[in-house]
Amino acid sequence: MSDSVDLNPCPSKWSLLQLGAICAFTSLGYSGFTSLPFYVYKHSGLFAISYYVLLVLICTPLCYVQLKLGALYKRAIVGIFSQILPLYKGFAAALLIMTYFRSITHALEISYGVYYMFASCMRPFPWALQQEVNMSSHEAKITIFDNIKTTPEDSYFINDFLQRAPHIGSWGPLVWYLVLCALTVWILVYLVILKGSRGFAKVMIIIAPVTAVLIVIITIYGYAAVPDHQISLKRFLFTDLKKFSVPESQSTVGYFMSFSEFWLDAVDLHVYGLGLWAGTLPFLGTHIACNKKSVTRTWAILTACYIFSPVIILIMIMPFIDPRYPRGILSSEVGVKPGLSYLFVSIPHTFHKYALSPFMLFLLYATYILLNIQHLSLHILMIWENVWPSLPKVVMAFFKKTPILLAAFCFVSFLLTSPYLSQCGLYLYQIVCFYVDRLLFAMVIFSMVPFIIGFIRQETLRMPIDRIFMGIWYGAASLVAACFLIYNFIVFVYPESVVSYEQRWAENLGWCISVSPCLLGVLLGAVHTIFTMSGSLKERLVQSVKLGSPPISDLPDDCLSVDTGDTDLKTPCSSRHNTPMTQARAPLLKHHSNTLAEKHSQINTAHTLFPPKLGQLALAPNVDQGDPSSCINSPTAGREPFTQDSVPFGYGTLQAAKSKATVEVVIKSTSDGNIARL
């Protein structure tokens, strides 16, 4: 990332290959490795019904509209909201804060995988030395669970690996190897996003194929080496009526479809896997052209990856999970991500039980790390490119170079991860995971308003009925998701508590974490919006709720009309330079001092943007050497030589640094033949 080039409000475009590599596994994340197997075993293979039904009804419009607005505004979610409805900028900031909270806990989960990746190389496995024990009555009292029998792998994870303290009040020191693992995770994230969006796409082209190869290797090994993999598949995919107590008078499918958790768990996967309200979808849209073909193609690639990637991961991981094996304390703790016990209890047990290859376990955890680093890096890059333009100039003057500032951002993120690395870190992790999204349904309801307004008011689709239909579908999908989240909050989340009665202060801490995105994001964003406007307080309030005009792109492939490819001439071209530019539309004059002949522009004569014979425009001598002091756009982008026989006029964009040039151009009108001077 060279200083600010890739953080320009108009970012570089990603090719189809790069989009495929980015969407392949970043759309999956942690949920595909842990939560999906957990929910499939919980509801059997029929869980695919709720998963794919909600994918069509909810994910389809949300993905398309957010990708489209990202491509149209060439801004991430904060920029989109601030241009559509300035007062709503705070809701975008609140969603970013929620996403950042989840990213911190996600980095912690990846750090667990880093440790287990290296622990798998030990012989014998360190968890094989543990014994099955019952929890002490003191520990059972604190965790509210009694008579829970721990497995060796579960005991190793809780006692030896995490060194968990008895309760959140007995704060212990940092676990040094967890600190090193978390530091490794943030270093990897920094290296992946170091070169900005353009470099991130290049890195994904390398990482995504490597991840795919590892998935193929592990899948083949699992079905060839695990003796009882058929039993695992049967218990995962096929319904056991005794297990679910399905009434004889009711069909199995009907029973599951009437079961609320059947749908709530599918919503949970979509929200956290695809990141429907995380801000990543508009960010992906900023890197594609604003036309129907590009948006539809990107949406199709993302949807296809999201359809097939979880299934591939599920097929890979199922042979290594024995659902009959008790998962102990880790599976019973409130606030722990669903399926965490599969990754750090069931899979280690299978490798120990059947004496499987430690190297293959190493590759399995390496795959987990690679897949989740892609997911985490996309979210951190999205947050970074939202935050970076808002930083004070004094901060940039202090760090001087963007890579140093990005390193500081990642280091601060590591410091915020450090409280989770103590002996009480698991309790804090449970509180944050359990409380941070309690008010997500409110954010969903409020944030859908700017998206619908921006999509309906856009001018890049000919038929208003298309925009209205998709806007209504988007609103209905958001309301359905919000209703699911509200129901889950009222029935399942609100009555529960992470801590015991003696630690109610920790529950208050959780509520503070839950409310903080609204307070920090919504209120501060609204205050910032009002105070940065000019005029009286009344005028500022009116301006803050006034709808902004949708942008009209003038890039060659960002068409005003998706059918004809017409390009609007009103808006200036996007600049990649660091120097602020003054932009003005002007004729592309001859390079000599002769005036334009009157015959070139007659009354009622129409001209194209660039006449067919125009080879290239004369540029300032220092432009080709990389000096951005002046430039003028041309149909050939400066690649072909300029000739004296070229047609001497046309319309383009002249750009010059404010403090270094005074620009005077003459415009020949194409309508009445009058000459105007700028």
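This is a predicted model: local features need pLDDT of at least 70, side-chain atom pairs count only at pLDDT 80 or more; totals for chains, interfaces and linings use all residues.
Q: Where does K74 lie, and what is noted about its phi?
A: K74 is in the loop that links α4 (47-73) and α5 (77-84). Its phi is positive, about 55 degrees, although K74 is not a glycine.

Q: What makes A355 exposed?
A: The relative accessibility of A355 is 55%. A355 is located in the loop between α18 (340-353) and α19. A355 also has a positive phi, about 50 degrees, and is not a glycine.

Q: Why is F399 called partly exposed?
A: F399 has a relative accessibility of 22%. Buried would need a value under 20%, and exposed would need one over 50%. Because 22% falls in between, F399 counts as partly exposed. F399 belongs to helix α20 (residues 393-399). Residues up to four places away in sequence aside, F399 touches I404, L405 and A408.

Q: How do you know that L371 is buried?
A: L371 has a relative accessible area of 0%. This value is under the 20% limit, so L371 is buried.

Q: Where is L371 found, and which residues does L371 contact?
A: L371 is part of helix α19 (residues 358-387). When neighbours within four places in sequence are set aside, L371 is in contact with F25, L28, G29, F33, T211 and I313. According to the unreviewed UniProt entry, the annotation "binding site" covers L371.

Q: What makes helix α1 (residues 16-26) largely enclosed by the rest of the structure?
A: Eight of the 11 residues of α1 are buried, and α1 is therefore described as largely enclosed. The buried residues are Q18, L19, A21, I22, C23, A24, F25 and T26.

Q: Which helices do the buried residues of α1 pack against?
A: They pack against α2 (29-33), α10 (196-225), α14 (260-273), α15 (280-285), α16 (292-317) and α19.

Q: Why is helix α22 (residues 425-435) described as largely enclosed?
A: In α22, 11 of the 11 residues are buried, so the rest of the structure largely encloses this helix. Those residues are G425, L426, Y427, L428, Y429, Q430, I431, V432, C433, F434 and Y435. Their packing partners are α6, α8, α24 (464-493) and α25 (504-531).

Q: Why are α6 and α8 called roughly perpendicular?
A: The axes of helix α6 (residues 89-119) and helix α8 (residues 152-161) cross at roughly 105 degrees. Angles of 65 to 115 degrees count as roughly perpendicular. The crossing angle falls in this range, and α6 and α8 are therefore roughly perpendicular to each other. These axes come within 14 Å.

Q: Which residues meet between α6 and α8, and how many of them are nonpolar?
A: From α6, Y112, Y115 and Y116 meet Y156, F157 and F161 of α8. By class, this contact has six nonpolar, no polar and no charged residues.

Q: Where does P124 lie, and what is the form of the peptide bond from R123 to P124?
A: P124 is in the loop between α6 and β1 (133-134). The peptide bond from R123 to P124 is cis, with omega near -5 degrees.

Q: Are C59 and C424 buried or exposed, and what makes them so?
A: C59 has a relative accessibility of 3%, and C424 has 0%. Each value is under 20%, so C59 and C424 count as buried.

Q: How many helices and strands are there, and what share of the residues is buried?
A: The protein has 26 helices and seven strands. Of its 678 residues, 55% are buried. Among contacts with a separation of 6 or more, 79% join residues 24 or more positions apart.

How values were computed: Residues are numbered from 1 along each chain as its sequence is written. Side-chain values use heavy atoms; hydrogens and water are left out. UniProt positions are given in the numbering used here, feature names are shortened, and annotations may be inferred rather than shown by experiment. Helices (H or I, at least four residues) and strands (E, at least two) are DSSP runs, numbered from the N terminus. Buried means under 20% relative accessible area, exposed over 50%, partly exposed in between (1.4 Å probe, protein chains only). Contact means heavy atoms within 4.5 Å. Axes are lines fitted to C-alpha atoms, for helices over the stretch in contact, and angles run from 0 to 180 degrees between N-to-C directions. Angles under 35 degrees count as roughly parallel, over 145 as roughly antiparallel, 65 to 115 as roughly perpendicular and the rest as oblique. Ala, Val, Leu, Ile, Met, Phe, Trp, Tyr, Cys and Pro count as nonpolar, Asp, Glu, Lys and Arg as charged, and the others, Gly among them, as polar.
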